[in-house]
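Morning, everyone. I have one structure to walk through today. Please have a look at it first.

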Amino acid sequence: MEKIVINGGAPLRGSVDVSGSKNAALPIIYACILVKGKCIIENIPNIIDINRSFDILRGMGAVIRTVNKTTVEIDCTNVVCGTSDYNLVRRLRGSYYLLGAELGRFGKARVAYPGGCDFGVRPIDQHIKGFKALGGEVITDGGYIEISTKDNKITPANIYFDMSTVGATLNIMIASAISDGVTVIENAAREPHIVDCANFLNSCGANISGAGSDVIKIKGVQSLHGCTYAIIPDMIEAGSFMVAAAATRGHVRINNVIPKHLESITAKLEEVGAVVEEFDDSVEVIANRPLKPTNVKTLPYPGFPTDMHPQMCALLATIEGISFINESIYDNRFKYIEELKRMGADIKVDGRIVTITGGVPLSAAPLIAVDLRGGIAVLTAALTCEGVSEISEINLIERGYDDIVGKLKGLGADIKKICAPDPVALKKAN
Ligand code: EPU
């Protein structure tokens, strides 16, 4: 079993480079299905969810060539509709973009139900509402979602979402980029990755306006062509390093970021008393004085991201006094709290409200990464306390963090990854 072993207690110091955004890269690489030609995508993070997505696309007939460590060339000319691997698709959330991409290219789709972190109920009713509005007949059968349209053509429509949803906004944008007419999404999500995907599609010849606001207009075009496009930096990876810097009372410069995307995180760190300095494409976090508790409510962008809630909780557990986190996006994103409690943290959950009585000394322990952001929160807590903590199930962290061990080592952390023994070598040795 692979593990991360941390001998904690030292402040993080130095500088770190942030990789490309997972949640921007996922829709963009699936949107390549719309293009009969080559797309060169730069600033791709080396993480499990992206590598699994490449495997899914290859299995459907895509040719994906590694250009360098962070650049790939994707050619989906020969992709065949409905051929994605059930067992790969169900292992990540972002695979639901296959639905929009197949519908946009072929006028029909057949894809397994997506997977992803378990935060309680994660319905896709808004995606389905959107596909139906585009003229899709949607049936679910044997673990698959199947969409068909009259004459394999979608019908442009006005779609109003009942809540701010990143996935459904992107799926409808992707599905309607190639169409005869105008689709309008109202109450659209406004996350930076929505803008990034629109910019990518526009670079391929699409005509999408309003991304980043709550009304997005997609004027359908007849076809898309290949392009070269660089993914935006990962705001959640950047935020995770910012919070880890504060939690260890360190001093870290985080490079390759868009400071505007980090404003809600910066504001909360300043509220607790950390100093955050912004530069053109980097931020510096300095935590060299006593910190104070605060309250956080997770909200759609530009509010404080739910994907930063567990890390913020780990930080607040190190600050004397009572803090609250109100998780307004997911009904059960709290599994990681049991792990923080193992370390001695005093945290209670009532409904969606987390109450943290901070400042109780944490102690090193054997720990589990229960999900992606929960895993990084537990790792952050382990960095703050003296002694050796071991974290297992680290593949969940590696789903979304590129070289997390190497990057933390570069910041002075005493951390190593222990790889599982190779079963073949082990058998030979025996
Ligand atoms: N929702 C519905 N019906 C739907 C769609 C969403 O009720 O059809 C609800 C969800 O249950 C949730 C809220 O609406 O309560 C927001 O969901 P959203 O659709 O925005 O989330 P998502 O597309 O499933 C993406 C990210 C998540 C991130 C959320 C919110 C990807 C692959 N996933 O999920 O990322 O938490 O947006 O920003 O982009 C992560 O990276 O750790 C992660 C979980």
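Let's start with a helix contact. Met235, Gly239, Met242, Val243 and Ala246 are the H8 side of it, and they meet Ile265, Thr266 and Leu269 in H9. Sort those residues by class and you get six nonpolar, two polar and no charged. Keep in mind that this is a predicted model.

Now the geometry. H8 covers residues 235–247, and H9 covers residues 263–272. Their axes come within 10 Å and cross at roughly 10°. Angles under 35 degrees count as roughly parallel, so H8 and H9 are roughly parallel to each other.

H8 has another partner, H10. Here the axes are 9 Å apart, and the packing angle is about 5°. H8 is therefore roughly parallel to H10. Which residues make this contact? From H8, they are Ile236, Ser240, Val243, Ala246 and Ala247. From H10, they are Gln311, Met312 and Leu315.

On to the ligand. There are 26 residues around the ligand. Which of them come nearest? Tyr96, Asp125, Gln126, Asp307 and Ile329 do.

Lys22 places a polar side-chain atom 3.0 Å from an oxygen atom of the ligand. For Thr165, a polar side-chain atom lies 2.8 Å from a ligand oxygen atom. Val166 uses its backbone instead: an N or O atom there lies 2.8 Å from an oxygen atom of the ligand. How much of the ligand does the protein bury? Taken alone, the ligand exposes 820 Å², and the protein buries 90% of that.

Last topic, the backbone. Most residues other than glycine have a negative phi, and most peptide bonds are trans. Two places here are worth a look against that background.

One is Asn43. Its phi is near 60°, a positive value in a residue other than glycine. Asn43 sits in the loop between strand E3, residues 38–42, and helix H2, residues 48–59.

The other is Pro302. Is the peptide bond from Tyr301 to Pro302 cis or trans? The bond is cis, with omega near 10°. Pro302 belongs to the loop between strand E17, 295–297, and helix H10, 309–316. That H10 is the helix that packs with H8.

That's the tour. Over to you.

Methods
Residues numbered from 1 in each chain as written. Predicted model: local features only at pLDDT ≥ 70, side-chain atom pairs only at ≥ 80, totals over all residues. Heavy atoms only, no water. Axes fitted to C-alpha atoms, helices over the stretch in contact; angles between N-to-C directions. Helix = DSSP H or I, 4+ residues; strand = E, 2+ residues; numbered from the N terminus. Parallel < 35°, antiparallel > 145°, perpendicular 65-115°, else oblique. Contact = heavy atoms within 4.5 Å. Nonpolar A, V, L, I, M, F, W, Y, C, P; charged D, E, K, R; others polar. Near = heavy atom within 4 Å. Polar contact = N/O pair within 3.5 Å; in protein donor to acceptor, adjacent residues only side chain to side chain. Areas by Shrake-Rupley, 256 points an atom, 1.4 Å probe, with all protein chains shown as cover.
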